[in-house]
Amino acid sequence: MKLVIKNGTVVNPLVGKTEKTSIVIENGKVTEITAKPDTKDAEVFNAEGMFVAPGFIDIHVHFRDPGFEYKEDIFSGLEAAAAGGFTSVCTMPNTKPAADNVETIRYMYERAAKGNGVKLYPIAAATKGLKGESLAPIGELAEGGAIAISDDGRPIQNTDLLKRVMEYASTFDMMYVSHSEDLYLSETAQMNEGYYSTVYGMTGNPVVGEASQIARDCMMAEYLKLPIHIAHVSAALSVDIIKFFKERGAKITAETAPHYITLTDEALGGFDTNTKINPPLRSEADRLAVIKALKDGIIDAIATDHAPHHQREKEVEFNNAPSGIVGLETALPLVLKLYHDKELPIERIVELFTAGYKIMGIDGGKIEVGAPADITVFDPDYQWTVDKNMFKSKSRNTPFHGFHVKGAVSATIVDGKIVYSRDF
Amino acid sequence: MKHLLGIENLNKDQIMNILETAVSFAEINQRQIKKVPTLKGKTIINFFAEPSTRTRTSFEVAEKRLSADTYNIAVSGSAIQKGETLADTALNLQAMGPDAMVIRHSVSGTPQLLTEIMDCSIINAGDGFHEHPTQALLDAYTIWQRKGGFEGLKVALLGDIYHSRVARSNIYLLNKMGAHVSISGPGTMLPKEVEKMGVTVEKLPKYAVQDADIVMMLRVQNERASNLLYPDVREYSRYFMLTPELLKLAKKDALVMHPGPANRGVEIDDVVMDGEQSVILEQVSNGVNVRMAVLYLLLGGADK
Ligand SMILES: [Zn+2]
């Protein structure tokens, strides 16, 4: 089985090349990168006018399986990933049961193996039951294939426990992923604290709660000389703190999500529960600072924080709605806006979507002869309107329904197999 | 105008129209027989998902005097606990075919969400900390009747601004009508960047009250004492209660207002509450006039 992706602009930042060429794939691997491919007996994908990039990696998704399959299961999650151009995803451990035991990790791998081919890497719980009280069996979780540890959604408040988690995990080369939030400051909060929380009459979650926990966690990483990854950075102050510790040489990586570069807290004015997200949508100054951090390299990756919730869970009063939105199928066009606005070159966009290889130590990040053919092909100029009813995800909780966007995934290829292609 | 969700989206003319309409209902309310057939055959649901005696009664009286058929639904606690979503609740109420629904809810924005689900007029009787438009309108009516206008008036708004929908609606309204609002309260009760709403923020009430034409007090919720908002009632009243001495700093003919129910001896001194400058009971009776005007304009106006 031979596949040729013909005449696309191959964006290969890790190799340092952006060039119009073709890629030949055989037996799941890239066998040739050439302007003059031999297409005899090959399936040809015409990528004229499109960008061809190393497969996108989303290092922060919630697939709700096991436990909340009515929101999303591993199969629908992987379909949504493919539709969004992602060839690999890292799933967060807040399932039911939580991914704090090796059986659940194995279950996830077994389910994913029966899926569409998109690669799934589970992030395991850092503490038992995500309770923030005692260590999860991190050694066994690592042995079972967990790729990192995190108490995403229920951050560790006890600093002594955080220290022990990081120290213990280091034995097994497991990195801690920090969801940075001071729960005392956010307990009753519905949105970012600022002018709009005042006007809309809602309790606010101040930037300080995120930034202070990022500072604490970065300090701990520096002190312990261990790597740490900061999830969903949403605020200017957070960016400055990460910059400070990066400049001191601490081993820090960070991600942000497409919604933080697209929307601000003003968007909550319609009281649409699909604008309720944690961390919350911040101010315009924060949004601009996050974009600048993507440019400056302070933030290393785009991750979606894909958080499916059933429609009936969101069709409630604002305060009763759960936080989170689906993100896999809208990420690319939202981020490509920075390319169209000439904020970021296409190489940087591709870097941001593939940085998971170095952050999580996943195979990928470049297209090279001999490597697995995980490839994302996208048309940067295709214009379409987001329709939540067309999502592959089981859930519809997006604030972007009806948005006119530019840029679409043309094909997602995993191990040489086309797992998604768009009918234009 | 189909709904009344807040003051934010009203303009000066719409506000004046409501106040002027309220004058004619005030006349009716002076009569011996206070009932008119204006809304005969119209159905109004009063949906109160948060305890309220005053506002609910005031709406009920207004509705009955307009001859509407009214139904009260009180929901204790959140419907979600019974496994029903807001959308389900709304569709069930919609099925009863009301012409209007008056809603009080502890969660900001809920009336607005209902306009997307239901076909009838939605009247916000207070949502979370967000807006309480009929309260601001009845306050405005009271000021207008007593002062003859709004232009250039100085209004001191004192107390728990953070948790007050009355404060927000009044700030919008008074700004639109050309009055100036000075606010004061402990730091824990001032929401972030509130000055951007067009108010002057003063540290202590004595600065806000200085030369004020109106002193508007806000209710301090006693249970919030445990919520780290102020040390105790003794300290709160020492610095933030409206006393006769504090009131002396305002203009001689300043009006004292309170949306009620007031905590005597906490945010307002007995002497002030019952004093000559207090128009607190007038506010209550004006509430009926203004709510009749709102119901008439939303429901009756189109048929005439
Ligand atoms: Zn998180």
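1. In chain A, 25 Å separate the centres of domain 1 and domain 2, taken over C-alpha atoms. The structure is a predicted model. Domain 1 of chain A is made of two segments, 2–51 and 371–421, while domain 2 of chain A covers 55–360.

2. The contact between these two domains of chain A takes 31 residues from domain 1 and 42 residues from domain 2. On the domain 1 side, the elements that give two or more residues are strand 16 (375–385), strand 17 (404–414) and strand 18 (417–421) of chain A. Strand 17 of chain A supplies the largest share, seven residues. By class, this side of domain 1 of chain A holds 16 nonpolar, eight polar and seven charged residues.

3. Chain B is also assigned two domains: domain 1 is 12–131 with 284–303, and domain 2 is 133–280. Their C-alpha centres lie 26 Å apart. In chain B, 20 residues of domain 1 are in contact with 19 residues of domain 2.

4. Which elements of chain B give two or more residues to the side of domain 1 that touches domain 2? They are helix 1 (12–28), strand 4 (121–127) and helix 11 (280–300) of chain B. Helix 11 of chain B gives the most, with six residues. The residues on this side of domain 1 of chain B divide into eight nonpolar, seven polar and five charged.

5. Between the chains, the contact involves 18 residues of chain A and 23 residues of chain B. On the chain A side, helix 6 (residues 195–200) gives the most, with five residues. The side of chain A that touches chain B is made up of seven nonpolar, seven polar and four charged residues.

6. The largest nonpolar core has 235 residues. Those with the most contacts inside this core are V52(A), I149(A), I242(A) and V215(B). Helix 11 of chain B provides the largest share of the core, ten residues.

7. V52(A) can be looked at in more detail. Leaving out residues up to four places away in sequence, V52(A) touches I5(A), G8(A), T9(A), V10(A), V11(A), I23(A), A47(A), I375(A) and V377(A).

8. Helix 6 of chain B (residues 165–176) has twelve residues. From its first C-alpha to its last this helix reaches 17 Å, close to the 16 Å expected at 1.5 Å a residue. Just after helix 6 of chain B, G178(B) takes a positive phi of about 95°.

9. Why is helix 6 of chain B described as largely enclosed by the rest of the structure? Ten of its twelve residues are buried, so the helix is largely enclosed. Among the buried residues of helix 6 of chain B are R165(B), R168(B), S169(B) and N170(B), as well as V166(B), I171(B) and L173(B). The cover over the buried residues of this helix includes helix 1, strand 4, helix 5 (133–147), strand 5 (154–158), strand 6 (180–184) and strand 8 (214–217) of chain B.

10. Strand 6 of chain B is itself largely enclosed by the rest of the structure, because four of its five residues are buried. Strand 5 and strand 6 of chain B run parallel and are joined by five bridges. Across this pairing, L157(B) stands opposite I183(B) in strand 6 of chain B.

Conventions: Residues are numbered from 1 along each chain as its sequence is written. Chains are lettered from A and ligands numbered from 1 in the order in which they are written. This is a predicted model: local features need pLDDT of at least 70, side-chain atom pairs count only at pLDDT 80 or more; totals for chains, interfaces and linings use all residues. Domain bounds come from an automatic or database domain assignment. Two residues are in contact if their C-beta atoms, placed from the backbone, lie within 7 Å. Ala, Val, Leu, Ile, Met, Phe, Trp, Tyr, Cys and Pro count as nonpolar, Asp, Glu, Lys and Arg as charged, and the others, Gly among them, as polar. A nonpolar core is a set of buried Ala, Val, Leu, Ile, Met, Phe, Trp, Tyr and Cys residues joined through C-beta atoms within 7 Å. A residue is buried if 20 or more other C-beta atoms lie within 10 Å of its own, exposed if 12 or fewer, and partly exposed in between; C-beta atoms are placed from the backbone. The expected span of a helix is 1.5 Å times one less than its number of residues. Two strands pair if DSSP finds at least two bridges between them.
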